[in-house]
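Have a look at the picture first, and then we can go through some details together.

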Amino acid sequence: GVTSPAALAEYVRASASTVWHPAGTCRMGRDDEAVVAPDLRVRGVDGLRVADASVMPVITRGNTNAATIMIAEKAADLVAASARR
C-alpha cells in the first residue's frame, strides 16, 4: 500500500528494527579517550580485557559471531603471551 516517498519513509520508520547485535560500545584506541587499549585491556581496571563485539568500531556486514570469535582468538593469544612473560 506504499505509493509515495513520504509513505515509504513512514513505513520504514514504523517497521525497521535492529538485529540486536550491538557493536562499538567500548571504544578501542591508543588515546586517553579510548576505553579499551589495542591489547584489549580495559583502561584503569587491572586484569580485565574485553573480547566481544563491543570493541568493533562498526557492526560487520557478515555474521557477528564469526568476527567475535576472531576477536576472542586474538584475546587468547594476547593472554597467553602475557602469561609467558
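In helix 2 of this predicted model, the residues T64, A67, T68, I71 and A75 are buried. Where do they sit around the axis of helix 2? They cover an arc of only 95°, which puts them on the same side of the helix. An α-helix has 3.6 residues a turn, so residues three or four places apart point the same way. The face of helix 2 turned away from this buried side carries the exposed residues M70, A83 and R84.

Let's zoom in on T64, which is part of helix 2. Its relative accessibility is 12%, and residues under 20% count as buried, so T64 belongs in that group. Apart from neighbours within four places in sequence, T64 is in contact with H21, M56 and I59.

Now for the charged side chains. Side chains of opposite charge can pair when their charged atoms come close. How many salt bridges does a search of the whole structure find? There are three, and here they are with the accessibility of each partner:

| Salt bridge | N to O distance | Relative accessible area |
|---|---|---|
| R13 and E10 | 3.5 Å | R13 62%, E10 45% |
| R27 and D31 | 3.0 Å | R27 42%, D31 32% |
| D39 and R41 | 3.0 Å | D39 27%, R41 32% |

R13 and E10 are three residues apart in helix 1, so about one helical turn separates them. R13 is exposed, while E10 is partly exposed.

Helix 1 also holds V12, which is partly exposed at 43% relative accessibility. Together with V2, L8 and Y11, V12 makes a nonpolar surface patch of about 360 Å².

Finally, visit the loop between helix 1 (5-15) and helix 2 (64-84), where L40 has its place. Is L40 buried or exposed? L40 is buried, with a relative accessible area of 4%. The backbone of L40 also deserves a look: L40 has a positive phi of about 70°, although it is not a glycine.

Definitions and conventions: Residues are numbered from 1 along each chain as its sequence is written. This is a predicted model: local features need pLDDT of at least 70, side-chain atom pairs count only at pLDDT 80 or more; totals for chains, interfaces and linings use all residues. Side-chain values use heavy atoms; hydrogens and water are left out. Helices (H or I, at least four residues) and strands (E, at least two) are DSSP runs, numbered from the N terminus. Buried means under 20% relative accessible area, exposed over 50%, partly exposed in between (1.4 Å probe, protein chains only). Patches are made of residues with over 30% relative accessible area and no salt bridge: like charges are joined within 9 Å, nonpolar side chains (Val, Leu, Ile, Met, Phe, Trp, Tyr) within 5 Å. Accessible areas come from the Shrake-Rupley method with a 1.4 Å probe; for residues, only the protein chains shown count as cover. A salt bridge is a side-chain nitrogen of Lys or Arg within 4 Å of a carboxyl oxygen of Asp or Glu. Contact means heavy atoms within 4.5 Å. The arc is that of the directions from the helix axis to the C-beta atoms.
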